[in-house]
Amino acid sequence: MKNKKLVLAARPSGLLIKETDFRMEEEDIRPLKNGEFLIKVLFLSIAPVMKFYMQDGAGIEAPLQFGDTMRGRGVGEVIESKNTGFKVGDIVQGKCGWQEYKICDGTPYHMMYKVKQRKAPYSTALGVLGMTGFTSYFGLYHVGELKAGENVLVSGATGGVGSNLGNLTKIKGARAVGLASTDEKCRLLTEKLGYIGAINYKTENISERIDHFFPEGIDVYFDNVGGEILDIALSKIRRYARVALCGRISQYEKRQDSSEYDLKNWYKLGLNRAKMEAFFIYDFEEHFYQAEKEMAQWIAEGKLTYQEDILEGLSQMPIALNRLFERKNKGKQLVKISE
Ligand SMILES: NC(=O)c1ccc[n+]([C@@H]2O[C@H](COP(=O)([O-])OP(=O)(O)OC[C@H]3O[C@@H](n4cnc5c(N)ncnc54)[C@H](OP(=O)(O)O)[C@@H]3O)[C@@H](O)[C@H]2O)c1
């Protein structure tokens, strides 16, 4: 049996990656050793951090070397096993890499979790019922400490993480307003994703629009983008507000030439006895199954809808990754690798 994989061929520079930054290779799948299992990959996840895996590892992982299989999470089916913890037919999600088949030894580095829920399609194990959804869940409920009746502002609201936050807010009896770059994305927020309002941050005055929706101020700001939008949100927080720092996608490029935005309104935290806290999703690992179970139930009950943006075929992976930086994706960007 053969495996196709995309390996790193060049380091990206600038906003978009090039197809030539990768090389498609084909190899024979070797026999399994004791303790290993073979996964047939069904879907691969696309996330902003992947570009940094190609550059310097983003401070999370060792930088990829030329010829290494591109790193990334996937969901797949175990089709052969010499590992007592994983049996044929198990559906797993973890570090699969950009390839059609993955041989895994089940060690912690691979962060291989069994997909236990059977209420939603397996693709959701990379989106709303995977790391992306867990990031929304723990960022909003644990870091944001959301309570009923509160006002929530979300940046990057139509992205993988943001697209879950409108409904997760609503489920707790609170109200969320999301920021997005086009009117079409704004409509998606209010028509499908549980947001009570949307702000087109490209064409509208963000500050005025926040005042319009939340004249009394913001209780929770869930930040996916950083920079100037974070600064405006800080100027609108109310007493005891919580600012959950999830990501800062607007600043990633600026990191390279040290032109990152300097916050001016951080002092509002002190004035309002508010807190701002960054988090890393893997710090919540022991609670992942609880979040999966609860959110799968909400999906089954129709309380939590999810948004996926799916391309097909391994060769589409670089195009799919660029869609994040071109802002084309609506919801969680995925690539379907096999049936
Ligand atoms: N803390 C953690 O453990 C953790 C875990 C997962 C992800 N993250 C981070 O969380 C953030 C969101 O991840 P994701 O998977 O949801 O990414 P995503 O699907 O790419 O969504 C990000 C959204 O941000 C918006 N955006 C892009 N560039 C922007 C800019 N320059 N200014 C303002 N908005 C911009 C885009 O929507 P528009 O078209 O509306 O601009 C996009 O939909 C990322 O920064 C990611 O690195 C953190």
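Trainee: Hi! Which residue stands opposite leucine 44 in E15?
Mentor: Valine 335 stands opposite leucine 44 there. Before we go on, this is a predicted model, where local features need pLDDT of at least 70, side-chain atom pairs count only at pLDDT 80 or more, and totals for chains, interfaces and linings use all residues. Residues are numbered from 1 along each chain as its sequence is written.

Trainee: Thanks. Which strands pair with E15?
Mentor: Strand E3 (residues 37-45) pairs with E15 in the antiparallel sense over three bridges. Strand E14 (residues 308-312) pairs with E15 in the parallel sense over five bridges. Two strands pair here if DSSP finds at least two bridges between them. Helices (H or I, at least four residues) and strands (E, at least two) are DSSP runs, numbered from the N terminus.

Trainee: What is the bridge partner of isoleucine 310 in E15?
Mentor: Isoleucine 310 has leucine 334 as its bridge partner in E15. From E14 the chain passes through helix H9 (residues 317-325) to E15, a right-handed β-α-β crossover. Right-handed is used if, with the strands pointing away from the viewer, the path from the first strand over the helix to the second runs clockwise.

Trainee: And why is E15 called largely enclosed?
Mentor: Strand E15 (residues 332-336) has four of its five residues buried, so the rest of the structure largely encloses it. A residue is buried if 20 or more other C-beta atoms lie within 10 Å of its own, exposed if 12 or fewer, and partly exposed in between, with C-beta atoms placed from the backbone.

Trainee: Let's zoom out. How many helices and strands does the protein have?
Mentor: The protein has nine helices and 15 strands. Its radius of gyration, taken over C-alpha atoms, is 20 Å, close to the 20 Å that the globule rule gives for 339 residues, so the protein is as compact as a globular protein of that length. That rule is 2.2 Å times the number of residues to the power 0.38. Buried residues make up 45% of the 339 residues.

Trainee: What domains does the assignment give?
Mentor: Domain 1 covers 2-126 + 307-336, and domain 2 covers 131-282. Those bounds come from an automatic or database domain assignment. The centres of the two domains, taken over C-alpha atoms, are separated by 29 Å.

Trainee: How many residues of each domain are in contact with the other?
Mentor: 11 residues of domain 1 are in contact with 15 residues of domain 2. The domain 1 side of that divides into three nonpolar, four polar and four charged residues. Contact requires C-beta atoms, placed from the backbone, to lie within 7 Å. Ala, Val, Leu, Ile, Met, Phe, Trp, Tyr, Cys and Pro count as nonpolar, Asp, Glu, Lys and Arg as charged, and the others, Gly among them, as polar.

Trainee: Back to strands. Which ones pair with E9?
Mentor: Strand E8 (residues 151-154) runs parallel to E9, joined by four bridges, and asparagine 151 has arginine 175 as its bridge partner in E9. The chain goes from E8 through helix H3 (residues 162-171) to E9 in a right-handed β-α-β crossover. E9 also pairs with strand E10 (residues 197-200), in the parallel sense over four bridges, with glycine 178 opposite alanine 198 in E10. Helix H4 (residues 183-191) carries the chain from E9 to E10, and this β-α-β crossover is right-handed.

Trainee: Is E9 (residues 175-180) mostly covered or mostly uncovered?
Mentor: Mostly covered, since five of the six residues of E9 are buried.

Trainee: What about H6, which residues are buried there?
Mentor: In helix H6 (residues 227-234) they are Ile229, Leu230, Ile232, Ala233 and Leu234. Among the elements covering the buried residues of H6 are E8, E9 and helix H5 (206-213).

Trainee: New topic: what is the phi of methionine 111?
Mentor: Methionine 111 has a positive phi of about 40 degrees although it is not a glycine. Most residues other than glycine have a negative phi. Methionine 111 lies in the loop between strand E6 (101-104) and strand E7 (113-114), and counts as partly exposed with 14 C-beta neighbours inside 10 Å.

Trainee: And where is glutamate 145?
Mentor: Glutamate 145 is in the loop between helix H2 (131-143) and E8, and its phi is positive too, near 45 degrees. With 15 C-beta neighbours inside 10 Å, glutamate 145 counts as partly exposed.

Key
Two residues are in contact if their C-beta atoms, placed from the backbone, lie within 7 Å.
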